[in-house]
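Here is a short tour for you, with a few stops along the way. Please have the model open as you read.

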Amino acid sequence: TMTQTGEAGFRESAFRLFSGCPNLVMNLQTDAVLTVFRKGLQDSQSVHVRLAALQASVSYLTACDQLQLSHSLSLLYSMLDTLPSLPNIHLKSFLSSLTLLCSSHPNLFVPHMDALLSFLRGFIMPSVDSGLTPMVAKPFPGTSSFTFPPSRSGSRTPDGNDEVTEDKEKELVRKAALEFMVSLTEAKPALAKHSQGWTVAMVRASLEGMGELPEDTLDSWLKADPSEDAQDENYPHVFEQSLNRVACALGGKAALPLVFQYIPSMLANYDWRLRHAGLMAIAAIAKGTNKVMQMELGKVVNLITPMFKDARPRVRYAAYQCIGQLCTDLEEIIQDHYHKQLFTALIPTLEAPEPHVHSHAAAALINFCEGVERDTLVPYLDPIVECLLKMLNPGAEDGKVVKGYVQEQAITTLVMVADASEATFAKHYASIMPLLLNVLHNSNSSDHYKLCAKAMECAGLIAIAVGRKVFRTDAVT
């Protein structure tokens, strides 16, 4: 056994050298090189040798010129044949190694698309149907030329530690499989479009993954600073990013109709996590599908605005995120055509009882105001400023202490509103400037530096908006 282990170590080292320096074999006879690589890919003694051989094969194919590549196409069959017998603990590494080849030589995978789909779809979709999904199961077309069931064997200790580890491994494989599919789609969108079931699988997997939020995180989420949302480990960022990348790669004509097969039922689902996922999905695809989405924008807005009154705070938060993203990706289009509907829905959200929620509503208002003409904003100016002042003033409403991030957001939004409304903002100057001065007087600790800086910036920009005559009395202070 020791001898076999030592020999395997030498073989692994040799393939690692080829992986790091493929030029060592580029001038050798192609058939001889392929024979050595195939032998390594079929190594019966060590999975590490097979992995090193796979990585060497990827490096070799990537470095090949066109003539060598045309004589090396058969190598990919041996590379893919390493996958069927792998347990989850190793499968992620093999998939990640193959993913590198997607970007450099996507055409190599053309003959294998049906087989890959048959394999990968079993990993990217949840293994157990919890009954919460709104998606109706549909058969995937295509048959596999080889079988890809992962190994289900593995012992579990009585304390369940192995089971937890297995679940983590399965999740890592799931993400690696989805990354492979998305990377191949980005490298050659036409290949994904013409492979029946490929895009459906990616979209469904991304939407399902986006709906997998922990049920019991609401209290901690409400107490958290919104700036922590981007680092929230409980949020399935990878699935949202995958959906965004698919939409950008395929464009609106291919992606939008497919995604919106599922979104209306998600928004109507009793599970708040799926309503949340549906809204975040609209935001995720907005950039990649904006040219097509603008033709159906009225229907999209009608789907989103009722969610502003959802019973769950995280769903309302997602609705504001969605509108804010649409106002960026379809700037001026959505503001010009739907400003009345959106202002009517958005302004009351500034008074939501949850600080985490109403501060995000104020952030969404910034995106909206960036594409609004002054004359469009003026009729809504008074209620907007009134709500923002309530957010800013720590003495308001039963002596509650306003969170710092809420004050920062209120100030930032006031700046945008002042800039968009120009001189019309002067009537609110007497209400706002004393609050800003109060912030500046009371921001003495390092914890308040950011708030103090925002207040100073706001005061200066408001001064520009209202003019020197109005600002003169407070300038020295």
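## A salt bridge between D382 and K427

D382 and K427 form a salt bridge, with their closest N and O atoms 3.2 Å apart. The term stands for a side-chain nitrogen of Lys or Arg within 4 Å of a carboxyl oxygen of Asp or Glu. D382 belongs to helix α22 (residues 381–392) and K427 to the loop between α24 (404–421) and α25 (429–442), so the bridge ties together parts that are 45 residues apart in sequence. Helices (H or I, at least four residues) and strands (E, at least two) are DSSP runs, numbered from the N terminus.

How accessible are the two partners? D382 is partly exposed, with a relative accessible area of 36%, while K427 reaches 56% and counts as exposed. Here, buried means under 20% relative accessible area, exposed means over 50%, and partly exposed lies in between (1.4 Å probe, protein chains only).

This is a predicted model, in which local features need pLDDT of at least 70 and side-chain atom pairs count only at pLDDT 80 or more, while totals for chains, interfaces and linings use all residues. Residues are numbered from 1 along each chain as its sequence is written, and side-chain values use heavy atoms, with hydrogens and water left out.

## Salt bridges involving helix α9

The whole structure holds 16 salt bridges. One of them joins the side chains of E171 and R174, at 3.5 Å from N to O. Both residues sit in helix α9 (residues 161–187), 3 residues apart, or about one turn of the helix. Which of the two is buried? R174 is, with a relative accessible area of 5%, whereas E171 is partly exposed at 26%.

Another salt bridge brings together the side chains of E186 and R245, at 2.9 Å from N to O. This pair links distant parts of the chain, with E186 in helix α9 and R245 in helix α13, 59 residues apart. Both partners are partly exposed: E186 has a relative accessible area of 37%, and R245 has 22%.

E370 is in the loop between α20 (355–369) and α21 (374–377), and its 44% relative accessibility makes it partly exposed. E332 is in the loop between α18 (313–329) and α19 (333–346) and is partly exposed too, with a relative accessible area of 45%. The phi angle of E332 is near 75 degrees, a positive value in a residue other than glycine.

Which residues does G371 contact, leaving aside neighbours within four places in sequence? They are E331, E332 and Q335, where contact means heavy atoms within 4.5 Å. The C-alpha atoms of G371 and E332 are separated by 4.7 Å, although the two are 39 residues apart along the chain.

In helix α20 you will find H360, which is buried at 14% relative accessible area. Not counting residues up to four places away in sequence, H360 touches Y317, Y320 and Q321.

## Helix α14 and the whole protein

In helix α14 (residues 252–259), the buried residues include G252, A255, L256, L258 and V259. Among the elements that cover the buried residues of α14 are α11 (198–210), α13 (237–250), α15 (263–267) and α16 (272–293).

Stepping back, the protein has 27 helices and 0 strands. Of its 477 residues, 51% are buried. Among contacts between residues at least 6 apart in sequence, 76% join residues at least 24 apart. The accessible surface is about 22700 Å², and 53% of it belongs to carbon and sulfur atoms. Accessible areas come from the Shrake-Rupley method with a 1.4 Å probe, and for residues only the protein chains shown count as cover.
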